[in-house]
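Please have the sequence and the model at hand while reading.

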Amino acid sequence: MGCFQTKGRERREDPRMARSITYITGSQLLSLKRRPNIAIVDVRDDERSYDAHIGGSLHYASDTFYEKIPNLIQSVKGKDTLVFHCALSQVRGPTCARRLADYLADMKDDVGIKNIMVLERGFNGWESSGKPVCLACLLPLFLIPIVNLIPILFDIIMARAIIFVYSHARVYGLFGWEYRKPERAGRDKHKCIIGLENTQHDSI
């Protein structure tokens, strides 16, 4: 195996020859994804930033994928199986998988990648079938409305404080009293200490 006869001479297959691209189902990947020799490569573009993703997957956007293939090879050292996917695994996922296969075929060195696969139905199929996804990337999106509400809440609190002071001043005015803003507790304590010292001095 691994060789064939040509005009009486034996020629071995080139281990760097173009690799075939195979497909894997979501159920198969779920049972294999925890193995240390498998890496999942998400080639979706901007939608990953506002959508969930498969936990532990690497992100290499399709629009810059070819330029970053050397970085990908460094990231998956020690892994022999790469599973690509995009949203539906119909265009971007298979295209990037083929680009990697062609790139490896042109390399002089064997980097250890033996299997290049594509996830059937992509991320959308994975998520719609109820398989686990990571939502950590969505946390900033939940914080944006809260951050935007902070100035509004501050304005409401300040407005209520002004109304409170104004209403109390009017109530005091009805009785002919003068409304004075309460002093800080620290100042009152300081005055009490001074008054106590004066009382002791007078008694002496």
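Is Y66 buried, partly exposed or exposed? With a relative accessible area of 46%, Y66 is partly exposed; buried means under 20% relative accessible area, exposed over 50%, and partly exposed in between, with a 1.4 Å probe and protein chains only.

## Basis of the model

This is a predicted model, in which local features need pLDDT of at least 70 and side-chain atom pairs count only at pLDDT 80 or more, while totals for chains, interfaces and linings use all residues. Residues are numbered from 1 along each chain as its sequence is written, and side-chain values use heavy atoms, with hydrogens and water left out.

## The sheet

Five strands form an open sheet in the order β3-β7-β6-β4-β5, with parallel pairing. Its edge strands, β3 (21-24) and β5, each pair on one side only. Strands are DSSP runs of E with at least two residues, helices are runs of H or I with at least four, and both are numbered from the N terminus. Two strands pair if DSSP finds at least two bridges between them.

Between β6 and β7 (residues 115-119), four bridges make a parallel pairing. L82 stands opposite I116 in β7. Helix α4 packs on the sheet and touches β3, β6 and β7, where contact means heavy atoms within 4.5 Å. The direction of α4 makes about 175° with that of β7; axes are lines fitted to C-alpha atoms, for helices over the stretch in contact, and angles run from 0 to 180 degrees between N-to-C directions.

## Aromatic pairs

Rings of Phe, Tyr and Trp (its six-membered ring) pair if their centres lie within 6.5 Å; planes under 30 degrees apart count as stacked, over 60 as edge-to-face and the rest as tilted. By this rule there are two aromatic pairs. F65 and F84 form an edge-to-face pair, 5.7 Å centre to centre with 80° between the planes. Because F65 lies in the loop between β5 (58-59) and α3 (69-75) and F84 in strand β6, this pair ties together parts that are 19 residues apart in sequence. F65 is buried, at 0% relative accessible area, and F84 is buried, also at 0%.

The ring centres of Y66 and Y103 are 6.2 Å apart and their planes stand at 80°, so this pair is edge-to-face. Y66 lies in the loop between β5 and α3 and Y103 in helix α4, so parts 37 residues apart in sequence are tied together. Y103 is partly exposed, with a relative accessible area of 24%.
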